[in-house]
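Student: I'm new to this one, could you walk me through it?
Tutor: Gladly; have a look at it first, and then ask away.

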Amino acid sequence: MSGNPMNTFKNLRMYNRITEMNRMLNLSLKQLFATSFVSSMLLLICANPAIAQQSASAGERANQNDYYQITTLPAPDDVVLEVGGLALLPNGKLAAATRRGEIWVISNPEMINGRVPTYTKFAEGMYENLGLEYKDGSLYTSQRGELTKLTDTNGDDITDLYERVYAWPVSGHYHEYSYGPAFLPNGDMVVTGNVAFGNPKWWEAQSHAPWRGWMMIITPDGEMRPFATGMRSPSGVMVNDEGDIFYSENQGDWIGSGFITHVEEGDFTGNPAGLKWADHPMSPVDIDTSMIVDSEQPMYETAKKVPAMKLPAVWVPHTLMGTSTTGMIQDTAGVISPFKDHYYVADQGHARVNRATMEKVDGEYQGAIFPFIYGLDSGALRMALDKSRGQTMYVGLTDRGWSSTGEKNYGLQRVDWTGKIPFEMKTITATPDGFNIEFTHPVDKEIAADPSLYNVTSFTYMYRYEYGSPIINREDAPVKGLQISDDGKTVRLVVDNLRKYYIHEVKIGELESASGTQLLHDVGYYTLNNIPSGVSLSQSDWTATAPSGSPSVESSIETPDSPGAYPSVLDEQGDEAAAPATKRVVVMPDSWEDGADQTIELGTVPGLKYSKDKIEVKAGSRVRFIFNNSDDMLHNMVIVKPETADPVGRQAMNLGLQGEDMEYIPETDDVLYHTNVVLPGRSETIYFTVPDEPGTYQYVCTFPGHYISMRGTLVVTG
Amino acid sequence: MNSSMPKTQFCILFVVLFLSPGLFSALQAQTNELPFTEMELTNLDSFQEPSENWQLAGDVFMDTYQDLHVEALDGSGVLVNTAEGDEPQDIYTSWEHGDLDLSFHFMMAKESNSGIYLQGRYEIQLFDSWGVNTPKFSDLGGIYQWWEDGRGVGGTAPNVNAALAPGVWQYIEIKFRAPDFNEQGQKIANARLEEVILNGKVIHADLELIHPTGGAISNEEAPQGPLRIQGDHGPVAIKNIRYKRYDNPQLDLTDITYRYYEMGLDEGENPVSIIASSNLKAEGTAVELSLDDVQRTGEFAIVYESTVDVAETGTYLFELRTDGGNRFEIDGNQLIENGADNGWWNPDRAEVDLSEGTHTVTITYFRGEDGDAPVLSLMAEGPGIQKHALHAPSAFPRNLQSVNLPKRIDPEDKPVVMHGFLDMPDRVHPHSAAVGFPDDIHFGIDLNNGTLMKLWKGGFLDVSTMWVGRGGGNLSLNEEAALTFSGAPSMAFLDSRDAVWPDSLQENVAFDLNSYRFGDENQLILNYQLNGSSFEDHLSPDNDGREFMRTIRLTQSGPVNNLYLRIAAGDNITELLNGLFQVNDKTYLVNLSESTKRESWIRRSGGVQELLVPVSNSENAEISYSYVW
């Protein structure tokens, strides 16, 4: 083990400084808003849209740092923690498997008395390890092609015995990543496998070898049983406290958005690539594959006809709650005690961790997902919880190949709960006539009594061959009234237009707890596969009208004042109308009789990059700009004023549900020209006249989470 | 077009192009250059009156383990220096050379010493350097010193020791550039080794030879001199001597005119076919093929017309690479046409017979939309004319070298296993591992059937493509000098001793790898089961990192019958006088333990020769053998 102590020390100090700056920033914003007048606020908004945007998301809200401290574990330069698996060991050390095929054992990860952790390479030479579990003295990890058991037989903290538990077939395609294991109560292990890609679309999910796109159950003796299929990129696999199996899925073909699905033997969860092996003698999946057809209809329409199809228990709405659902872990020990038994769900693209709660309705899991931890250093993949030495969640990070928000490409961070309980929606559960929202603290009953404080909107996604899906069938579910429990901890909403199968966004305005604390997060997404039967609340029991003097309610979704301002994405004409036409001209203007002065072509490179870092154009010239999206993700191309890529990117990220309809183009003068969101493999051509003023302009992808890395410089010469 | 894809393919290209020593000669059969002249070795007419120690043989046997041992076998095709006779002398070609590309196979006797003197003056050392860790100037491939005041001066060691064993054929490729002189006869440029590749590894690159080396025919440097092989220090054998002498001046494009078109293109349209005068935007004369005269952005087509003076009638080769559509014509005859971009790294070549005199050359280049700078490259080679560019450097703003900087993994104090996908000639083997040892001898194995697929020496592994982006790269072995075996399984059940060896795991074979670990002597120990029988398989370097040993032991007997191990397969396998087996004209040797040898036999089956041994089903039965190369 070698390492540079100076480096680790520097990292540590740097981190402390950043944390300190975050605190200061939040503090000063709070002070600012506490004392500001409306006029000065307006002034501020006009002067600096970036700050205005921040104020909406952070300034008046509670601050994450008050509840959760994020610490980066310093590591020597030669310890490249591209974490694919994390496991807490009984001796308090932490084991991290990496995408470089190594396993590091980390001593003192809690950094007692500020001492830095130390790292021992326990194993090496494996292939893209994307899972790690400890059991009975051994570590178990998935490589691309096998489940491996590693044991240190001579006590020197280095493995000396590699045992192959089971090798599953792979064809040799890079995308055949494998995940797990997760242990079942009987000691069997659950593993999932990615599909490969193929033709005609390079991102088309294909299963080139048996059980790619499947979940497998493997006994410790190496007997494998194919268990379920429909998996595309099932990067999270988990067994909960009841012994039920869940996996997390990533957006792609046939997968409109990320989700979490409860998997039972014989299930088909969505992507049809793995159905190639449904007729295999070992397959438990019995399905009429002719029923799986490309359509623009929601997934549940297919599920109605296909009994083996399992709908997600919790959708993780794309861009709203992340872009790439990864690891899942259940907090059975109550490491963060108010959330005991909740599920923490990581996201790579947004470098964050969400929180999910589930209940069983009509015998099936369904539930809600909430924001939880923001602002990690890089794409979050794996978590480990430690209650015995603190109230700690370790989060392993890597964004190599996909990129993410956050300034680093990999690392290991610790999230320590301060013990202070944030004011949060603790759970959302379904009722026959709406939702029960349980809070972590009693609400201020006077504020909470206003039904217009609660905004419920439902939507879903298409089930189709094309990569991803827009939000479809969005409708309001007006809150008719509510009932607050005596202890003030539960608000029962009575909601109109509840729709079975739909994702219901529940968004809350400026609610305060009884002690005056603001909500740390104001939104949750509940997947309502089943509406429970039972007794609806009688009208006499709920409050229908707002008490006078209550605060007005802010809605992030379509406002009544501007109906149709953001037309449905299904409306073909709508997207043209969504933004001022001058910023996106897709037909060469008639006035350009001699054509464009210059044609520029810009492509994409995997890993959230454009094909060019820099483009030079002449001031005032007429440009035909072709943007080719050859990536497997959605992107746009937005030309912005000098040094505004960051604020514009942030504003786009904060657009919420309406972001998609707006093509993630915030309404700001900083945006000069833009394309719409371009699907993988598609391109869009726009025409514009270069600004007369020379300077260093920027182009940036404002698809949520992309702006940090996906950008370039547009040099306008005189 | 998908902009990300070509780059990926480019990386893969470099991975799959590595060749085994047995294939080096095949490489020259490709038409990326004009054919070499092969020296006639049915007689010694190419040489000046050779001394007695030089003779022709049909083959040669040099015992790997016996000093200076050589035995010439009847026939011709191999030039042998037996080093016998009272005064063994060097041998000189009857011709002289300036710039020279040269390649040949050679075999060293144990502890022997020879050398190849370019122009009779600059010696590249031929030496038995098998197993040497840090090569010196006096080792195989070294540039020898010269003498000043009785002391050795200068000398350049090879970058790596790529030497193979005495008694196996080795292969060297030399690109020599002669010193240059002005009209007064003064030297204005040193002699140079553009590249020397020994057994697939670059041992010198762009090395200036500032002085003739020791024992030169003259310390006066000169434009021409004979090729000379040292004969006075020990046995050496040489065959397949191939060379190109470059004595003619380069081709030159003259009277260049161009026509420049701006145009759009609909999908599926052949760009070259729709060039129309209505799109003509500019025309004029050009000094060179540079694209400097026109706007290089957007969609455009350019047609260059020029003339070229050919001094010697013969076969000429042209190589055109563009990042768009193209067409190439000589005297109005179309030799190359591409309707679409097939990648600038993917050149088209045409061979054409040209007579002495003036010819017209027309190059049409269509460029679609692309982000990068355009590429137009035309190379030419001819009789006595080295391959050279006819374009200006600015028209080829690309680097043909590797895209990724290598990230080497080299085992330092303990062996290393690296799992990954391994490319083999038959297919990708996705459950493979490369295993590297500090002794710089490494192997690749398929963990799904225990098949040894590759053996190589020197650097271990480059993980630069595995550890970037999404991890799309396969195991990138530093395997230029690898022995590549068949991807077929090592063990198989045969109904009879004549049954054909299967090319993949038989359906009735269940191979289960249980575990692996390293033993006390750093040997990799695999434990696996095959249809109920348990085996322990030891793999490790042997003889101080010169050889590689494998020992397979049955630890628990099961119902194993008619199971065989294929130790080697090749075009030819024969037993040598010293009891070792040679494979593929002495590309490598196999040394079987006594008990293994007793049971083994050579057979011809399925078009190849195979060295087989039955796998006994008695416990603790052992099969043991070494690869020697």
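Tutor: A term to begin with: pLDDT is the predictor's confidence in each residue, from 0 to 100. This is a predicted model, in which local features need pLDDT of at least 70 and side-chain atom pairs count only at pLDDT 80 or more, while totals for chains, interfaces and linings use all residues. Residues are numbered from 1 along each chain as its sequence is written, with chains lettered from A and ligands numbered from 1 in the order in which they are written.

Student: Where does pLDDT stay under 50 in chain B?
Tutor: That is residues 1-30 of chain B, for which the model has 45 contacts beyond four places in sequence, a contact being two residues whose C-beta atoms, placed from the backbone, lie within 7 Å. Chain B as a whole averages a pLDDT of 88, and 91% of its residues score at least 70.

Student: And what ipTM does the complex get?
Tutor: The predictor gives an ipTM of 0.77, along with a pTM of 0.79.

Student: Switching topic: in what order do the four strands of the open sheet in chain A come?
Tutor: The order is S2-S3-S4-S5, with antiparallel pairing. Strands S2 (83-88) and S5 (118-123) of chain A stand at the edges with a single partner strand each, so one side of each is left without a neighbour in the sheet.

Student: How many bridges join S2(A) to S3(A)?
Tutor: Five bridges join S2(A) to strand S3 (residues 94-98) of chain A, and the two run antiparallel. Leu88(A) stands opposite Leu94(A) in S3(A).

Student: Last one, what does Ala96(A) touch?
Tutor: Leaving out residues up to four places away in sequence, Ala96(A) touches several residues, including Leu81(A), Val83(A), Ile103(A), Trp104(A) and Leu412(A).

Key. Pairing = 2+ DSSP bridges.
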